[in-house]
Amino acid sequence: WDPCNFATKKPITSLKDLKGKKIFTFPTAGRFLKQFGVVPVTLPYEDVEVALQTGELDGVAWSGITEDYTVGWANVTGNFLANNISGAWIGHFFANMDSWKKVPPHLQTMLRLAFDSSHYYRQHWYWGGEAKLRIDGKKMKVTSIPEAEWKTVEVAARKFWDEIGKESPTKAKVVQIFKNYNLAMEKAGPPYRSV
């Protein structure tokens, strides 16, 4: 559910605006975005704001607008691309099942409640904040790439995930989960996906 949008120093309104942009992003996104001319840059998270100030970076593709404001990136970028490239933090918790089975049932219940509480908090923190900051935020201009042009990215993403799925049986299972989810959202239509 977590958005991953571009926050950049110069506005992005078309795919050609991505060419040559030095972007801090997570490795999978960087690998994908290279085909659109993005130059992925890896830095320690805490150095990103200074790198944006010095010109080492042109932007980030790491989070939604809420995190851009809360960590200070909105102060040094000024532009937010509404088209998102993926979910970033998706709120899952993983456990070694052999270890999990050793946890007493009452403690498993408490952990599940903590997990659910974390999901609920994230959902409201992001989505409540996302809408408000897109409308009322004063630090970032919201731009978008036209839907027909952005479709190019969506089509490329499907091909990219097919390639990732061929790398291992585990990756293939994860990619199939993505495909099933996206198909369900497309069938459900608005507000989950446009028609």
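Biologist: Before we turn to the terms, in which helix is the place of Val-174?

Modeller: Val-174 has its place in helix H8 (residues 169-188), where helices (H or I, at least four residues) and strands (E, at least two) are DSSP runs, numbered from the N terminus. Please keep in mind that this is a predicted model, in which local features need pLDDT of at least 70 and side-chain atom pairs count only at pLDDT 80 or more, while totals for chains, interfaces and linings use all residues. Residues are numbered from 1 along each chain as its sequence is written, and side-chain values use heavy atoms, with hydrogens and water left out.

Biologist: Why is Val-174 called partly exposed?

Modeller: Buried means under 20% relative accessible area, exposed over 50%, and partly exposed in between (1.4 Å probe, protein chains only). Val-174 has a relative accessible area of 37%, so it is partly exposed.

Biologist: How do you know that Leu-57 counts as buried, and where does it lie?

Modeller: Leu-57 lies in the loop between helix H2 (48-54) and strand E4, and its relative accessibility is 0%, so it counts as buried. Leaving aside neighbours within four places in sequence, Leu-57 is in contact (heavy atoms within 4.5 Å) with residues including Lys-9, Phe-24, Val-41 and Leu-52.

Biologist: What makes strand E4 mostly covered, and which strands pair with E4?

Modeller: Four of the five residues of E4 (residues 59-63) are buried, and in that sense the strand is mostly covered. Two strands pair if DSSP finds at least two bridges between them; strand E1 (residues 3-8) and E4 have four bridges and pair in the antiparallel sense, while strand E2 (residues 22-25) is joined to E4 by three bridges and the two run parallel. In E4, Ala-61 is the bridge partner of Phe-6, and Val-60 is the bridge partner of Phe-24.

Biologist: Why is Asn-79 called buried, and what does its side chain reach?

Modeller: Asn-79, in strand E5 (residues 79-87), has a relative accessible area of 7%, and it is therefore buried. Its side chain reaches the backbone oxygen of Lys-9 at 2.9 Å. A polar contact is a pair of N or O atoms within 3.5 Å; within protein, one must be able to donate a hydrogen and the other to accept it, and residues adjacent in sequence count only if both atoms are side-chain atoms. Asn-83 also lies in strand E5, and its side chain reaches the backbone nitrogen of Ile-145 at 2.7 Å.

Biologist: How do you know that Arg-31 forms a salt bridge with Glu-167?

Modeller: A salt bridge is a side-chain nitrogen of Lys or Arg within 4 Å of a carboxyl oxygen of Asp or Glu, and the closest N and O atoms of Arg-31 and Glu-167 are 2.4 Å apart. Arg-31 lies in helix H1 (residues 27-33) and Glu-167 in the loop between helix H7 (147-165) and H8, so the pair ties together parts that are 136 residues apart in sequence.

Biologist: What makes Lys-132 exposed, and how far apart in the helix are Lys-132 and Asp-136?

Modeller: Lys-132 has 52% relative accessibility, so it counts as exposed. Lys-132 and Asp-136 are four residues apart in helix H6 (residues 105-136), which means that about one helical turn separates them, and their side chains meet in a salt bridge at 3.2 Å, N to O.
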